[in-house]
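Have a look at the sequence and the structure, then read on.

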Amino acid sequence: MKTRTISLILVVVVTLTGFAWFFRQLSFVSVGLAANSEVQRALRQSLSDQKSLARSDPSHAALYRQRFEDVRLLLTRMEILSLTGRKLTSALEGTLLALVALVIASGSIIYLIEHRRRERRLVQLRESLMALSRGEPVASPLRKRRDLIGRIGLMIESTSNAIDRDRRRMRSLEHLSSWQEAARRHAHEIRTPLTAARMEVARLLSWAGQQLPGEQAALASAQASIFEELERLRAFTTAFTSFAMLSPPRLVPLDLARFLEDFAGTFASAWPGLRLESQHGGERCEVMMDANLMRQLLVNLANNSAQACDGRTGLLRLRAWREGKQVLADVADDGPGISASVRERLFEPYTTTRQIGEGMGLGLSICKKIMLDHGGDLDLVSSERGATFRLTFPAGDELRG
Amino acid sequence: MAPAQVRFRSAPIACLLALLGAAAPRGDVPHVFARPDGAILIRLPTSSLTGDRVKTQLRSGLTTAFVLLTKGRDSENHERKLGARVEIRYELWDENYIVVVIDGTGLRESRTIDSYAHLVDWWSRSPILLGAPSPLRQSGAVAVSLEMVPFSPEEEADTQRWLAHSLNTSSSRAASGQGAASPQPSEGLLDIIIGTAIHRQAILSFHWDVRVEASPPK
């Protein structure tokens with residue numbers, strides 16, 4: 001900083017001195033020419049000549065007198081210029097020197113201000129990088145200016161956002177994975193004794209039928225009742241299994257917008273009272289996805305919307321669009337929406353607003369897991385009415401590089 | 001009597017006139033005196049007109065003004081200032097001097113003098129009226145200053161106009177590459193510089209400290 005300031009002062013001093021010297025040469029020449037003594041001598045000679053001519057040629061005396069007066073006027077001006085020449089030169093020099101000094105000073109001030117601002121921004125950049133290294137969110141104030149530092153700040157902020165997004169995805173994945181493991185174990189622990197119990201009940205009822213031939217009808221009724229309950233228990237474990245054994249997606253490039261349009265057409269009459277509407281703007285939204293899993297996800301969301309309508313007529317809008325390096329899709333219904341009390345744990349397994357026995361609350365967790373397995377995410381976004389789920393995919397062409 | 005104090009505008013002239021001043025006769029000072037009718041007059045010393053610088057200036061053809069200022073005290077010890085002006089222009093065609101005296105009462109008197117010798121003679125013999133009746137105390141101390149201004153306001157204005165016009169015309173020509181003159185943004189600044197630089201200012205001045213004399217000097 002000190003070296004730079006000294007250099008700047010040196011440049012200013014050398015420039016001003018050089019300019020002053022150069023202009024002194026120029027101004028002395030210009031003013032000196034006007035007040036040159038030889039010029040004055042020539043003019044005086046001219047005055048003398050006009051007088052001599054007037055004496056020798058009296059008929060043209062008036063003409064010579066007029067010429068005399070013209071030269072005299074010029075001589076008067078030259079005389080005044082010789083008397084004030086030095087002051088005039090100094091004034092011209094001073095003015096131009098002041099102008100140059102002003103220009104240099106303005107330039108220097110602008111440079112210094114810019115330098116200080118740059119230093120401040122570099123400090124902010126360093127703080128952003130440190131925040132990034134600590135894993136804290138970065139909202140860079142540097143983005144206001146689109147210079148190099150501003151662009152670096154923007155990159156740091158984008159990186160921070162990406163890291164934050166990935167961290168949230170990882171957390172959700174780990175969370176859901178632990179739930180999946182628990183579900184898998186529960187299903188296994190239930191399914192084994194369930195199968196044994198079913199076999200034992202069948203054997204017991206068969207033995208009882210041989211021992212009590214007159215009670216065949218009562219035994220058949222008891223068997224049907226026990227098997228019905230065991231079947232409910234089996235269905236319960238099957239739901240557990242479907243959540244626990246979600247297959248990894250087999251990704252292929254697909255146009256999501258077109259996929260949503262096809263889905264809306266294919267499943268148009270799947271939910272009585274729920275109308276599906278695809279808003280396809282013609283934009284190609286290519287993503288890498290598993291069509292079967294995505295269909296399962298959309299069916300789950302549509303199921304929820306249809307049940308939320310509770311007998312009323314509802315509308316489910318499907319829309320996909322591209323935004324930067326992402327492809328987004330909204331699945332929005334016009335139902336009663338989701339209450340604030342369940343929003344925070346909406347995607348956790350076994351979260352449901354339905355009566356006990358009407359659902360396990362695994363649908364949205366499965367949807368979330370499907371999206372996370374696609375490298376994207378599923379979120380509930382705020383909307384004026386109803387519930388809007390946003391599906392976020394990395395754009396297919398970005399993934400393919 | 002205090003010696004004359006002479007202030008010069010340039011070092012070479014100062015040296016030259018210092019030598020001349022040294023050669024000037026002692027007692028070559030102005031006489032401020034009262035007339036019997038109560039008017040106060042001043043007679044300027046010959047030396048103030050005979051220096052080479054003054055002679056050269058008088059022969060230049062410019063209107064040279066001698067501005068006279070006296071400072072004294074009245075009977076109530078209040079400072080009083082009295083002034084007069086003498087303008088001399090050498091007429092180059094007729095080769096004579098046109099002298100205009102504006103005395104302390106504002107009266108303007110013009111005369112033509114045919115030679116430098118006669119001009120010096122007139123200068124040494126003709127007192128200039130400073131005021132009537134005299135506001136100054138008898139035998140009181142008076143500070144006299146005489147300044148030589150090399151050209152008149154009219155000549156100054158004419159030269160400013162001429163130079164501004166010449167420079168603007170030449171800069172316009174240089175800018176357009178043709179003879180047509182058009183207004184330039186720098187003209188205003190140039191006019192200010194010219195107006196500031198070409199400005200009437202005394203190039204020579206004399207200072208004396210004298211006393212008011214009761215009668216005209218012999």
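## Ser108(A) and what it touches

Setting aside neighbours within four places in sequence, Ser108(A) is in contact with Leu8(A) and Val12(A). Keep in mind that this is a predicted model. You'll find Ser108(A) in helix H3 of chain A, which covers residues 61-134. With a relative accessible area of 13%, Ser108(A) counts as buried, because the cut-off for that is under 20%.

## Helix H6 of chain A

Next, take a look at H6 of chain A, residues 256-266. Its buried residues are Leu256(A), Ala257(A), Phe259(A), Leu260(A), Phe263(A) and Ala264(A). Looking down the axis of H6(A), these buried residues fall within an arc of 160 degrees, so they line one face of the helix. The general rule is handy here: an α-helix has 3.6 residues a turn, so residues three or four places apart point the same way.

Over on the other side of H6(A), Gly265(A) and Thr266(A) are exposed. The N-terminal end of H6(A) has a cap, Asp255(A), with a side-chain oxygen 3.1 Å from the backbone nitrogen of Ala257(A).

## Where the chains meet

Now for the interface. Here 29 residues of chain B are in contact with 27 residues of chain A. The two chains bury about 2200 Å² between them, and 71% of that is on carbon and sulfur atoms. Leu92(B), Trp93(B) and Trp162(B) supply 32% of the area that chain B buries against chain A, more than any other three residues.

On the chain B side, helix H3 (52-58), strand S5 (79-91), helix H5 (153-176) and helix H6 (187-197) each supply at least two of the residues that touch chain A. Sorted by class, that side of chain B has 14 nonpolar, 7 polar and 8 charged residues.

## Two loop residues with positive phi

Glu95(B) pairs up with Lys51(A): their side chains meet in a salt bridge, 2.3 Å from N to O. Glu95(B) sits in the loop between S5 and strand S6 (96-102) of chain B. Its phi is near 60 degrees, a positive value in a residue other than glycine. At 43% relative accessibility, Glu95(B) is partly exposed.

Asn77(B) isn't a glycine either, yet has a positive phi of about 65 degrees. Look for Asn77(B) in the loop between strand S4 (63-73) and S5 of chain B. Asn77(B) is partly exposed, at 42% relative accessibility.

Terms used. Residues are numbered from 1 along each chain as its sequence is written. Chains are lettered from A and ligands numbered from 1 in the order in which they are written. This is a predicted model: local features need pLDDT of at least 70, side-chain atom pairs count only at pLDDT 80 or more; totals for chains, interfaces and linings use all residues. Side-chain values use heavy atoms; hydrogens and water are left out. Contact means heavy atoms within 4.5 Å. Buried area is the accessible area (1.4 Å probe) that two parts lose on being put together, summed over both. A salt bridge is a side-chain nitrogen of Lys or Arg within 4 Å of a carboxyl oxygen of Asp or Glu. Helices (H or I, at least four residues) and strands (E, at least two) are DSSP runs, numbered from the N terminus. Ala, Val, Leu, Ile, Met, Phe, Trp, Tyr, Cys and Pro count as nonpolar, Asp, Glu, Lys and Arg as charged, and the others, Gly among them, as polar. Buried means under 20% relative accessible area, exposed over 50%, partly exposed in between (1.4 Å probe, protein chains only). The arc is that of the directions from the helix axis to the C-beta atoms. A polar contact is a pair of N or O atoms within 3.5 Å; within protein, one must be able to donate a hydrogen and the other to accept it, and residues adjacent in sequence count only if both atoms are side-chain atoms.
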